[in-house]
Amino acid sequence: MTAAQQLAQKSLYNGVAQLTEFITKGSLNRLAWLACVPLSLMGLGLFNLAAKAQETMEAAAPEISAAFLANNLWLLIATILVIFMNAGFAMVEAGMCRQKNAVNILSKNLFVFALAVSSYWLIGYSIMYGNAVANGWLYFNGLFFDPYVSPETIAEAGLVPTVDFLFQSAFAGTAATIVSGLVAERIKFGEFVIFSLVLTGIIYPISGSWQWNGGWLSEMGFIDFAGSSIVHSVGAWAGVVGAALLGPRIGKFLNGQAQAMPGHNMGIATLGCLVLWIGWYGFNPGSQLAMDQYVPFVAVTTTLAAAGGGIGAALLSKITSGKPDLTMIINGILAGLVSITAGCGNMTLVGSWVAGFIGGLIVVVSVGVLDGMGIDDPVGAFSVHGTCGIWGTLVIGLWGVEGMDMGAGGVPPAGIGLLNGGGFAQLGYQIVGVLAYGIWTVVTCFIAWKVIGAIFGGIRVTEDEELTGLDIGEHGMEAYPDFASSNS
């Protein structure tokens with residue numbers, strides 16, 4: 001009878017003894033199994049230790065509150081809305097430009113967000129929200145960012161670092177996307193990629209820290225709630241410098257007169273405008289950085305300004321050209337949105353609509369002025385984001401109010417703008433901020449564009465590539481291959 005058969009016949013008590021004898025008095029192979037015993041016991045001990053440590057951590061951590069969940073969930077939703085704005089920018093730009101450059105434009109707008117997230121994750125977020133190196137002016141906290149969620153963050157219903165990073169990286173991507181519209185139809189793809197990395201990793205974060213990390217502009221009293229200057233005008237100034245260095249597209253100016261170069265698909269341009277309008281509900285209300293009673297107020301000021309902007313641009317285009325221009329209506333709505341981005345938390349509802357309406361008027365005039373200066377802006381990006389970014393920043397100093405809190409009995413908040421009895425102080429702060437962002441961006445971006453051009457032999461495609469279209473020259477494909485090829 002084999003040892004296994006003998007073991008099977010033993011009682012439970014004797015079976016244990018028989019099993020021990022079988023292991024200890026057998027071959028060396030059997031003895032080798034004994035080495036597993038202390039390892040097994042150690043593993044069991046570590047498992048118990050880890051379980052006890054987890055119980056201790058759970059006991060020490062504060063209870064997750066509804067406010068903590070609501071704040072972080074809302075910011076995640078707002079982030080998704082802002083990221084989706086990349087689709088809106090791509091559709092507006094592609095629709096307002098010619099068919100032969102559609103693939104290039106779509107590629108830039110899609111790829112730029114991947115670039116922005118990567119550079120902002122590597123260094124940009126640390127520069128913008130790090131520790132002071134030169135207090136008020138420059139910040140840094142090492143590469144990448146720390147995703148650790150502290151018990152204090154949970155207890156105080158704060159934002160976890162990962163969702164805050166994601167929200168801020170979406171803003172960085174927006175600044176770079178604005179550049180794409182200004183340099184459309186004539187810039188090399190690779191050189192645009194390199195510039196976008198520099199902008200989102202260094203230039204934008206440094207200037208953003210001046211306000212949103214308690215820097216010198218914030219200490220002075222400058223107000224930019226969601227980024228009319230910090231995001232929109234920075235992107236516009238960066239782009240207009242590139243557009244000026246590139247020169248106009250072939251055929252844009254004839255004998256000093258600007259020639260119309262119609263877009264190929266106004267349907268997707270219109271849809272892109274609506275996508276951007278919806279995305280702005282993440283951009284502005286999300287900048288409250290909490291889900292509270294003020295979020296819907298910001299959403300309403302944003303909506304009224306967009307409506308006012310569309311109406312203003314439609315009326316002025318009708319007066320100046322005899323017919324309402326769809327491209328101007330699109331840009332008017334976007335101009336209204338940019339015009340309220342800085343002051344969406346410091347405007348009354350009436351003040352918001354008026355600010356947007358004037359922004360719609362301004363964008364129509366600005367497009368003509370830029371053409372008169374010989375600067376080719378294919379989609380009106382500087383007029384929307386630059387000119388109206390400046391206007392949206394300054395209007396706070398004209399009829400802004402202290403904040404959104406109506407006070408007891410619905411008493412309006414105190415005025416900080418000149419026309420609301422606040423004096424010249426706030427207007428002065430806003431002017432300083434506008435100048436600071438304009439000068440900083442123009443100087444740094446001029447240097448960046450020049451260096452990139454010197455290293456890579458220029459930033460503009462060849463004349464043949466431009467005439468053929470960047471889709472073929474830069475990407476070797478067409479947006480509409482089933483249709484007859486066209487160079488228009």
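About 220 Å³ of space lies in the second largest pocket. A pocket here is an open set of points, on a 1 Å grid over the protein atoms alone, with protein on both sides within 12 Å along at least five of seven lines. Grid points are joined across faces, edges and corners, and a volume is the space filled by probe spheres set on the points.

This is a predicted model: local features need pLDDT of at least 70, side-chain atom pairs count only at pLDDT 80 or more, and totals for chains, interfaces and linings use all residues. Residues are numbered from 1 along each chain as its sequence is written, and side-chain values use heavy atoms, with hydrogens and water left out.

Back to the second largest pocket. Its lining has 13 residues, and those closest to the centre are Tyr-125, Tyr-129, Asn-141, Phe-145 and Asp-146. A lining residue has an atom within 4 Å of a point. Two elements give two or more residues each: helix H6 (102–129) and H8. Helices are DSSP runs of H or I, at least four residues, numbered from the N terminus. H6 supplies the largest share, 3 residues. By class, the lining has 7 nonpolar, 4 polar and 2 charged residues. Ala, Val, Leu, Ile, Met, Phe, Trp, Tyr, Cys and Pro count as nonpolar, Asp, Glu, Lys and Arg as charged, and the others, Gly among them, as polar.

Now the largest pocket. It holds about 600 Å³ of space. The residues lining the largest pocket number 29, and Lys-252, Thr-327, Met-328, Val-367 and Asp-371 are the closest to its centre. Helices H13 (295–321), H14 (326–341) and H15 (349–372) each give two or more residues to this lining. Which helix gives the most? H15 does, with 5 residues. The lining splits into 13 nonpolar, 10 polar and 6 charged residues.

Two of those helices also pack on each other. H14 and H15 have axes 7 Å apart and an angle of about 130°. Axes are lines fitted to C-alpha atoms, for helices over the stretch in contact, and angles run from 0 to 180 degrees between N-to-C directions. That angle makes H14 oblique to H15. Under 35 degrees counts as roughly parallel, over 145 as roughly antiparallel, 65 to 115 as roughly perpendicular, and the rest as oblique. The crossing of H14 and H15 is right-handed. Right-handed means the near helix is turned clockwise from the far one by less than a right angle; left-handed means anticlockwise. H14 brings residues including Met-328, Gly-332, Ala-335 and Gly-336, and H15 brings Gly-356, Gly-359, Gly-360 and Val-367, among others. Contact means heavy atoms within 4.5 Å. This contact has 7 nonpolar, 8 polar and no charged residues. Met-328 and Val-367 are also among the residues closest to the centre of the largest pocket.

Next, H13 with its partner, helix H12 (residues 266–283). Their axes lie 9 Å apart, at an angle of about 150°. H12 and H13 are therefore roughly antiparallel. H12 passes H13 in a right-handed crossing. From H12, Trp-277, Trp-280 and Tyr-281 meet Ala-299, Thr-302, Thr-303, Ala-306 and Ala-307 in H13. That contact divides into 6 nonpolar, 2 polar and no charged residues.

On to H5 and H8. The axes of H5 (residues 66–96) and H8 (residues 161–182) come within 9 Å and cross at roughly 15°. That makes H5 roughly parallel to H8. Their crossing is left-handed. Among the contact residues are Leu-75, Val-82 and Phe-89 of H5, and Phe-167, Phe-171 and Gly-181 of H8. By class, this contact has 11 nonpolar, 7 polar and 2 charged residues.

How many cavities of 30 Å³ or more does a search of the whole structure find? The search finds 1. A cavity is a set of points where a 1.4 Å probe fits but cannot get out. About 130 Å³ of space lies in the largest cavity. It is lined by 14 residues, with Phe-89, Val-92, Val-379, Ala-381 and His-385 closest to its centre. H5, H8, H14 and helix H16 (381–399) each give two or more residues to the lining. The classes are 8 nonpolar, 5 polar and 1 charged.
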